Amino acid sequence: MTARQYRKRVFPIAYSSLAFFALLWVQLPSFAQKPHERDSVIEQIVQDTVIFRFAPGEKLFREDYKKNKTAIFLLRQSIQEHRQGIKTGEIKVRVRGFCGSFGSSRINLQSAKNRSNQVKSYFITHEELKEDNFQTTNSVYSWNNMSDLVVISYLFREKQNEIVPLPPLPEDTTLITKIIADTIAPESTSQVYSKADTTKHQTPESMLTVSHEEESLYRWAIKTNIAYLAATVANIGAERVLDEHYSVDFSFIYSPYTVARNYRLRFLVIQPEFRYWPDSPMKGHFFGFHLNIGAFNISVDKENRYQSPDGFYGAGVSYGYTLPFARRWAVEFTIGAGYIHTKYDTYYNIPNGSRYKKNTPYNYWGLTKAGINMVYKFGK
């Protein structure tokens, strides 16, 4: 091999190796900095954000819950430092409320507003602020996988749109850094709003938009009372959700049986019911008001048969509980009591038996509804 051939073969390899090591050398500082990136993010969060936590499902602001005392301390420092700008209206306190622990989007949004107002009221009382000193947005979204909190992200100058960070960390930064590190999940730090992320902070409409999953609510259900089915009584029901707390239920019960000559169980019952759900429809407790409309032709011995020529009617109140056990399936337990009025005719219980009593009035007070319903929900 000649020297010229040797140079053609070896030099390209050498140049490639040199370029590779140069690239590696350039990248090493960035690799070395990565362990500190989370610390810098945490420090930025501490300086620009204070978090007030609420217990899930609870609306009362408690100063001693979680790390609320630390958040109060940090925000009070910032308010005192920028009090003059806040008082003149040049600086606003940015407040965002998040709630997702209740059953419906409407309740969550109302709860977020309530929580934001409680936090603001605390500082209005203790720091002599006014409602006009705050700019508030409330949302049913979660913030960094946390949904029961009020976040005060930063203070900002309203005219120049300049963000005013919270005051520097106290001397004991280890404690505060640990608080924020425990509060924010490691995998979510990249999603934390930074100073440069002003678009999200300044777009309240996007925060008030309800996600598809949260607004999804089954509007219809069909059901059958398995307790009646066990007694061979055919029945079917349907329920329609009206809004966040109300629904209408409609049950149809029919028994056409003549079991024996001395035993006849023929009746038709329609039970419409108006329901109130404290939480959300088709989930948890409910209270209802129902009507009873129907007719009967029954006999339980060999002597008499009773028939309602004009039917019967009545009303009652009920209580129930719906327990979902799958995405669309639930079990509903219900019981009700009330009043029923009817007039019936009495016949001799023989084939073509004649009537010997007419229009006997009867008023009933007692159990008017009971059931264990298998429910299938549909129609988001």
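**Exercise 1.** At roughly what angle do the axes of helix H2 and helix H4 cross, and within what distance do they come?

*Solution.* The model is predicted: local features need pLDDT of at least 70, side-chain atom pairs count only at pLDDT 80 or more, and totals for chains, interfaces and linings use all residues. Residues are numbered from 1 along each chain as its sequence is written, and side-chain values use heavy atoms, with hydrogens and water left out.

Step 1. Take H2 as residues 68-81 and H4 as residues 105-127; helices are DSSP runs (H or I, at least four residues) numbered from the N terminus, as are strands (E, at least two).

Step 2. Their axes, lines fitted to C-alpha atoms over the stretch in contact, come within 12 Å and cross at roughly 55°.

**Exercise 2.** Which residues of H2 meet which residues of H4?

*Solution.* Contact means heavy atoms within 4.5 Å. On the H2 side are Ile72, Leu75, Arg76, Ile79 and Gln80; on the H4 side are Tyr122, Phe123, His126 and Glu127. This contact of H2 with H4 has five nonpolar, two polar and two charged residues.

**Exercise 3.** Where is the largest cavity lined, and by which classes of residue?

*Solution.* A cavity is a set of points on a 1 Å grid where a 1.4 Å probe fits but cannot get out; lining residues have an atom within 4 Å of a point.

Step 1. The largest cavity holds about 130 Å³.

Step 2. Strands S6 (220-225), S7 (234-241), S8 (246-260), S9 (263-276), S13 (329-348) and S14 (355-378) each give at least two lining residues.

Step 3. The lining has five nonpolar, nine polar and five charged residues.

Key:
Axes are lines fitted to C-alpha atoms, for helices over the stretch in contact, and angles run from 0 to 180 degrees between N-to-C directions. Ala, Val, Leu, Ile, Met, Phe, Trp, Tyr, Cys and Pro count as nonpolar, Asp, Glu, Lys and Arg as charged, and the others, Gly among them, as polar. On a 1 Å grid over the protein atoms alone, a cavity is a set of points where a 1.4 Å probe fits but cannot get out, and a pocket is an open set with protein on both sides within 12 Å along at least five of seven lines; lining residues have an atom within 4 Å of a point. Grid points are joined across faces, edges and corners, and a volume is the space filled by probe spheres set on the points.
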